[in-house]
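User: I have a chain to go through with you. Can you put it up first?

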Amino acid sequence: MSRMTTTLHHHTDPGRRTAATVASVAVVGAGPPLLLLHGFLAHAHWWDFVAPWLAEDYRVIAPDFGGMGDSGHRSQYHHEDFVAEIGAIMDHAGIASCVVVGHSFGARLVTAATNQMPASNKLELTSLTLLQ
């Protein structure tokens, strides 16, 4: 998968702060977007064994969450920051809705994201698969 590194700016909650994460995001294929979210202390390469097959039908997007994999580190980590990263990754990729596969920690974050994102940036899922 080709990798791009970008700085994602995301708002964690209205009165709090804007967080910036240098994120590493792998993208491969064409078609409807498929967002693959890894587990805790894992990385986007966790999906390398299935990405080639998925890329036959989807535009596969596999980010490293902040502080994990090839992404940058920050001084503090909050659950809300990881949830906000999902919206920032979707914004950066130019997608409004997608199929999401979340493993463990990634699944927990995406379920939170569906409820915690602001209405103006609400995560719209067309399909969700949770892996434990």
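Analyst: The notes below cover the overall make-up, then some of the elements.

This is a predicted model, in which local features need pLDDT of at least 70, side-chain atom pairs count only at pLDDT 80 or more, and totals for chains, interfaces and linings use all residues. Residues are numbered from 1 along each chain as its sequence is written, and side-chain values use heavy atoms, leaving out hydrogens and water.

User: How many helices and strands does the chain have?

Analyst: Three helices and six strands, where helices (H or I, at least four residues) and strands (E, at least two) are DSSP runs numbered from the N terminus. The order from the N terminus is β-β-β-α-β-α-β-α-β.

User: What share of the chain is buried?

Analyst: Of the 132 residues, 46% are buried, meaning under 20% relative accessible area with a 1.4 Å probe, protein chains only.

User: Ok, strand 4. Covered or open?

Analyst: Mostly covered: strand 4 spans residues 59-63, and four of its five residues are buried.

User: Which strand does strand 4 pair with, in what sense?

Analyst: Strand 3 (residues 33-37), in the parallel sense, over three bridges; a pair needs at least two DSSP bridges. Pro33 stands opposite Arg59 of strand 4.

User: Switching to helix 2. How far does helix 2 reach?

Analyst: Helix 2 (residues 79-93) runs 22 Å from first C-alpha to last, close to the 21 Å expected for 15 residues. The expected span is 1.5 Å times one less than the number of residues.

User: Which residues of helix 2 are buried?

Analyst: There are 11 of 15, among them Phe82, Val83, Ile86 and Met90, and also Asp81 and Glu85.

User: What comes just after helix 2?

Analyst: Gly94, with a positive phi of about 70°.

Note on methods. Buried means under 20% relative accessible area, exposed over 50%, partly exposed in between (1.4 Å probe, protein chains only).
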